[in-house]
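Work through each exercise on your own, then compare your steps with the solution.

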There are 2 protein chains.
Amino acid sequence: MRLQPSAPAATGGPAQQRRSLEVFDRLRRAIVTGELRPNEPLIEADIAERMQVSRTPVRESMQRLSAAGLVVPRKRGWAVREFSLEDVALNAEVRAGLEGFAAGLAAQRATPDDLGRLAAIHRERLGLDPEDEKARVRTNRAFHDAVIAAARNPKLTDAIDATGLFYFNGDVVRMSSAEQMAQGNADHAQILAALEAKDSAAAETRMRAHIERTARIIRSR
Amino acid sequence: MRLQPSAPAATGGPAQQRRSLEVFDRLRRAIVTGELRPNEPLIEADIAERMQVSRTPVRESMQRLSAAGLVVPRKRGWAVREFSLEDVALNAEVRAGLEGFAAGLAAQRATPDDLGRLAAIHRERLGLDPEDEKARVRTNRAFHDAVIAAARNPKLTDAIDATGLFYFNGDVVRMSSAEQMAQGNADHAQILAALEAKDSAAAETRMRAHIERTARIIRSR
DNA sequence: GCATTCTTGTTTGCATGCAAACTCGCATGC
DNA sequence: GCATGCGAGTTTGCATGCAAACAAGAATGC
């Protein structure tokens with residue numbers, strides 16, 4: 001997940017809300033990695049002590065986490081939001097629509113540079129050791145991000161980021177089998193071809209189908 | 001804009017974060033209506049006094065406003081985010097993609113009830129006094145909301161809500177002329193027909209075109 | 001024995017206190 | 001005249017205080 005636009009510059013920033021944002025980030029990470037289990041109640045004083053801050057930054061980060069949909073209000077305080085398989089599938093559907101749309105725009109707007117970058121990522125991916133899970137996830141992300149960036153609409157990028165994730169409380173959904181990886185690469189190749197041909201409709205259709213395939217894999221687990 | 005999912009039940013709720021959420025809501029309204037001008041710095045103590053609360057709920061609501069993209073961090077504190085015409089146009093593009101996608105899903109999933117509701121809204125709209133600006137805005141919203149609801153994907157609904165609005169700092173973009181209203185109604189009729197025919201592709205295409213038309217009107221102002 | 005009220009401890013929501021960071025005007029030096 | 005440095009006044013970021021809401025168990029009534 002890309003960081004909120006309000007994240008301060010990495011270095012030399014005004015150190016504005018340092019504690020508050022760090023708490024936000026640590027909690028976010030803890031939730032999406034599953035370290036904090038779904039429905040686990042979040043005790044302010046507890047978190048504050050563990051992170052060596054007062055309750056104030058903890059409370060402020062709760063507001064952000066709530067806005068991001070990662071925690072939900074309880075009668076008293078907050079609890080970790082539970083992401084069900086159904087949630088993930090619904091998200092995947094939205095993402096299919098959004099990323100498909102982005103691919104369609106990218107077909108119209110991608111510069112030769114964009115296309116070169118995409119082709120390079122794709123080539124790297126083809127040469128990958130199938131056992132290297134990390135590299136597979138990274139290059140897959142890179143491919144999708146590059147397509148989204150080529151759509152040249154920052155609002156669209158935000159919207160896609162906001163849908164979040166292909167994980168639910170820590171269990172990353174992965175294209176585990178070798179065939180699935182081959183299928184994914186074939187999809188990417190088709191998408192890339194459509195972008196290079198500036199065929200907007202094809203790019204959209206193929207990206208949508210590519211993500212819907214992933215959604216189906218999730219549903220069938 | 002629909003309220004955050006974390007909004008408490010209207011009555012009898014646990015009165016949880018009453019002040020904090022009220023401040024959020026009042027500020028949100030003040031920003032989108034333009035009462036608070038773009039780039040206006042937001043002084044905590046000032047707002048707190050005006051709203052008769054302490055700085056704490058003000059600060060908490062800032063976190064939410066920031067997450068919603070309505071305020072941006074300054075070197076010191078926060079300022080009202082400026083929505084440029086360009087921002088609105090980019091948003092409209094995203095919305096065209098999302099609502100088009102929603103219409104496509106709605107064509108597959110709308111119940112007879114959904115279709116009845118939509119037809120009723122459409123009929124009401126046709127009989128409207130063209131001078132009744134409020135009713136036009138309201139029924140237009142109702143039509144779009146009904147289509148979105150028929151897509152039966154709450155995440156999609158959230159994503160559409162999050163893109164926000166057709167206003168920028170208070171200036172609602174309206175289909176001002178009579179022709180524009182007629183054109184809008186003709187679009188709606190076509191969309192409705194596609195939904196009734198369960199023609200997903202047509203519903204998507206027409207909804208997308210309908211919103212892109214609005215975007216073009218915005219751009220040309 | 002079961003339900004109901006009372007009691008006590010926890011945890012929140014909000015207010016306030018305080019030091020540090022920044023702003024801006026003014027004075028001083030060149 | 002322009003730049004640089006200093007100091008008073010804001011305004012923030014975070015810590016802490018406090019009363020009210022809630023939860024859970026003990027005591028009481030039936």
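**Exercise 1.** In which helix do Asp114(B) and Arg117(B) both lie, and how many residues apart are they?

*Solution.* Keep in mind that this model is predicted. Start by finding the two residues: both belong to helix H5 (residues 112–126) of chain B. Next, count along the helix: they are 3 residues apart, about one turn.

**Exercise 2.** Decide whether Asp114(B) and Arg117(B) are buried or partly exposed.

*Solution.* Buried means under 20% relative accessible area, and exposed means over 50%. Asp114(B) has 7%, so this residue is buried. Arg117(B) has 46%, so this one is partly exposed.

**Exercise 3.** Describe the pair Arg95(B) and Glu99(B).

*Solution.* First, the contact: their side chains form a salt bridge, 3.0 Å from N to O. Second, the place: they sit 4 residues apart in helix H4 (residues 85–109) of chain B, so about one helical turn separates them.

**Exercise 4.** Which helices hold Arg138(A) and Glu124(A)?

*Solution.* These two form a salt bridge, with their closest N and O atoms 3.4 Å apart. Arg138(A) is in helix H6 (residues 133–150) of chain A, while Glu124(A) is in helix H5 (residues 112–126) of chain A. They are 14 residues apart, and the pair links distant parts of the chain. Arg138(A) is partly exposed at 47%, and Glu124(A) is partly exposed at 37%.

Note on methods. Residues are numbered from 1 along each chain as its sequence is written. Chains are lettered from A and ligands numbered from 1 in the order in which they are written. This is a predicted model: local features need pLDDT of at least 70, side-chain atom pairs count only at pLDDT 80 or more; totals for chains, interfaces and linings use all residues. Side-chain values use heavy atoms; hydrogens and water are left out. A salt bridge is a side-chain nitrogen of Lys or Arg within 4 Å of a carboxyl oxygen of Asp or Glu. Buried means under 20% relative accessible area, exposed over 50%, partly exposed in between (1.4 Å probe, protein chains only).
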